[in-house]
Amino acid sequence: MVLIPKKTRRAILEHLFKEGVMVVKKDYQACKHNELEDIPNIQVMMVLRSLASRNYLSEIYSWRWHYYTLTNEGIEYLREVLHLPAQVFPSTLTKQRPTRAALGGAEPSQGKGKGKGWDKEEA
């Protein structure tokens with residue numbers, strides 16, 4: 001059994017809600033977690049394991065790494081625990097806005113590639 005301070009547990013839960021996903025290496029002796037440098041890896045592992053056992057996270061294990069993603073029930077639970085409004089979502093669920101127009105206004109290239117030229121119009 002690992003005793004985890006409330007401050008540490010809250011930092012783990014805030015990071016999990018902000019990102020929506022978290023990765024933990026299965027290494028009980030690691031001094032620090034790879035994303036949360038000031039928190040021991042075993043404490044992060046135990047908090048996420050506890051949430052996964054209550055079906056707030058989905059877990060995938062591969063090659064000594066645990067991959068955790070929030071479920072809808074987990075999002076509601078973390079909103080309740082962290083006292084967040086309903087308008088706040090994890091970054092995995094927020095849609096990214098494109099910074100530039102996708103293929104808008106660009107002129108077609110004129111023979112710059114090494115294709116066979118199927119679409120070339122002969123003059």
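## Val-44 and its contacts

In this predicted model, Val-44 touches Ile-12, Met-22, Val-24, His-33, Leu-36 and Ile-39, leaving out residues up to four places away in sequence. Val-44 is one of the buried residues of H2. It is also among the residues with the most contacts inside the largest nonpolar core.

## The nonpolar core

That core has 22 residues. Alongside Val-44, those with the most contacts inside it are Leu-16, Leu-48, Leu-51, Leu-57, Leu-70 and Leu-78. H2 gives the most, with six residues.

In soluble globular proteins, nonpolar side chains tend to be buried together.

## Helix H2

H2 covers residues 41-53. The helix has 13 residues and reaches 18 Å from its first C-alpha to its last. That is close to the 18 Å expected at 1.5 Å a residue. Its buried residues are Asn-41, Gln-43, Val-44, Met-45, Val-47, Leu-48, Leu-51 and Ala-52. These buried residues pack against H1, S1, S2, S3 and H3.

H2 lies across S1, S2 and S3. It runs at about 125° to S1. Asn-55 follows the helix, with a positive phi near 65°.

## The sheet

Three strands form an open sheet in the order S1-S3-S2, with antiparallel pairing. The edge strands are S1 (21-25) and S2 (57-62), each of which pairs on one side only. Neighbouring strands are turned by 20° against each other on average, direction ignored.

S1 and S3 (residues 65-70) run antiparallel and are joined by five bridges. Within this pairing, Val-21 stands opposite Thr-69 in S3.

## The tyrosine pair

How many aromatic pairs does the model hold? The count comes to one. The rings of Tyr-56 and Tyr-77 have their centres 4.4 Å apart and their planes at 10°. Planes under 30 degrees apart count as stacked, so this pair is stacked.

The pair links distant parts of the chain. Tyr-56 sits in the loop between H2 and S2, while Tyr-77 is in helix H3 (residues 72-82). The two are 21 residues apart. Tyr-56 is buried, and so is Tyr-77.

## Two threonines

Is Thr-8 buried or exposed? This residue of helix H1 has 16% relative accessibility. The cut-off for buried is under 20%, so Thr-8 counts as buried. Thr-8 touches Ile-39 and Gln-43, not counting residues up to four places away in sequence. Gln-43 is itself one of the buried residues of H2.

Thr-92 is found in the segment after H3. Its relative accessible area is 47%, and it is partly exposed. Which residues does Thr-92 contact, leaving aside its neighbours within four places in sequence? They are Glu-19, Gly-20 and Val-21. The C-alpha atoms of Thr-92 and Lys-18 are separated by 8.6 Å, although these residues are 74 apart along the chain. Val-21, contacted by Thr-92, is the residue that stands opposite Thr-69 in S3.

Conventions. Residues are numbered from 1 along each chain as its sequence is written. This is a predicted model: local features need pLDDT of at least 70, side-chain atom pairs count only at pLDDT 80 or more; totals for chains, interfaces and linings use all residues. Side-chain values use heavy atoms; hydrogens and water are left out. Two strands pair if DSSP finds at least two bridges between them. Helices (H or I, at least four residues) and strands (E, at least two) are DSSP runs, numbered from the N terminus. Axes are lines fitted to C-alpha atoms, for helices over the stretch in contact, and angles run from 0 to 180 degrees between N-to-C directions. Contact means heavy atoms within 4.5 Å. Rings of Phe, Tyr and Trp (its six-membered ring) pair if their centres lie within 6.5 Å; planes under 30 degrees apart count as stacked, over 60 as edge-to-face and the rest as tilted. Buried means under 20% relative accessible area, exposed over 50%, partly exposed in between (1.4 Å probe, protein chains only). A nonpolar core is a set of buried Ala, Val, Leu, Ile, Met, Phe, Trp, Tyr and Cys residues joined through side-chain atoms within 4.5 Å. The expected span of a helix is 1.5 Å times one less than its number of residues.
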